[in-house]
Amino acid sequence: MNTAATTQPGPTTPIPPFSLLKIRLLIRWYFTDQKRLWLFTALLFGGIVSLLTLIAAIFASDTTAFSSNAAEMYVRSDSVRWQLSLSFYALAGYYFTSRLFQTMHRPESGWQLLMLPASAAEKFAAAWLLTAPVFTLAAFLFLWLLKFLLMLMLNVIAGTAFVVPSLISVPDLNMVQSYFFWHAIFLWGAVFFKSHHFLKAANTAVASSLLVFLLFIGGWMLTGNSFISFFTMLPEFRESGRVMALWYTMRIAVVLFVLWLGYNRFTQTQLNP
């Protein structure tokens, strides 16, 4: 009498919930989707700055003095031109971030992100890594290269000594931490809004900031303080280690909360591309 042999399912290899290899591949996939926009933006900005610098150098009455002034404009972190460059870095990053998931909101292309062999956590983490730390590093390397080439050109024209500019200074870190804060809102907006992601996220950021400011000022005035006294106390607040520690703790908490909202929305949206 033959008996049917019963087979027991063998042990299966557990799938890791968070794979660094998948995240690296996802970062490459996200970047490939936007690399032309990144390249075009960098060339446009670099071309405009280089053209304006060349025009100023051609019409400068004293080339040596111009080279010295240009060094101040490009190397000093508090110069107007460098601050404009940092503002461009932030705005470009917000725009790239807001466009990252635009294919997800289209019925004809939403399946592409959905079918990627990765979890929602890996996809969202890769999006944050690309548009926050990776973009910041790439932006500062590009700005440093632009400063280096322009300074080299100006010093060759003037025949003066060349000073290699620094990659990043302490004041630049203020812009970086500000970028990471607002970036979370634009990443959330890229997931939450179905169209005009950049404009809607920017409006949300402005409206929420205004609301928080009004609530804070209202609470300040309800405690018996005047409206003007708040602004006169700001320098003292900045010098207080405890106040600044509380301030940065609140900012980190807001970033984590907004990223959590964005991730939850992302997991829901992936079910209905």
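Reader: Is Ile55 buried, exposed or partly exposed?

Author: This is a predicted model, where local features need pLDDT of at least 70, side-chain atom pairs count only at pLDDT 80 or more, and totals for chains, interfaces and linings use all residues. Residues are numbered from 1 along each chain as its sequence is written, and side-chain values use heavy atoms, with hydrogens and water left out. Buried means under 20% relative accessible area, exposed over 50%, and partly exposed in between (1.4 Å probe, protein chains only). Ile55 has a relative accessible area of 39%, so Ile55 is partly exposed.

Reader: In which helix is Ile55 found?

Author: Helices are DSSP runs (H or I, at least four residues), numbered from the N terminus. The run that holds Ile55 spans residues 20–58 and is helix 1.

Reader: Which residues of helix 7 are buried?

Author: Helix 7 covers residues 197–222, 26 residues in total. Its buried residues are His197, Ala201, Ala205, Ile217 and Trp220.

Reader: What distance does helix 7 reach from its first C-alpha to its last?

Author: The expected span of a helix is 1.5 Å times one less than its number of residues. For helix 7 the expected value is 38 Å, and the model comes close to that, at 37 Å.

Reader: Which residue with positive phi follows helix 7?

Author: The phi of this residue is near 100°. The residue is Gly224.

Reader: How many helices and strands does the protein chain have?

Author: Along the sequence the pattern is α-α-α-α-α-α-α-α-α. The count is 9 helices and 0 strands.

How values were computed
Helix = DSSP H or I, 4+ residues; strand = E, 2+ residues; numbered from the N terminus.
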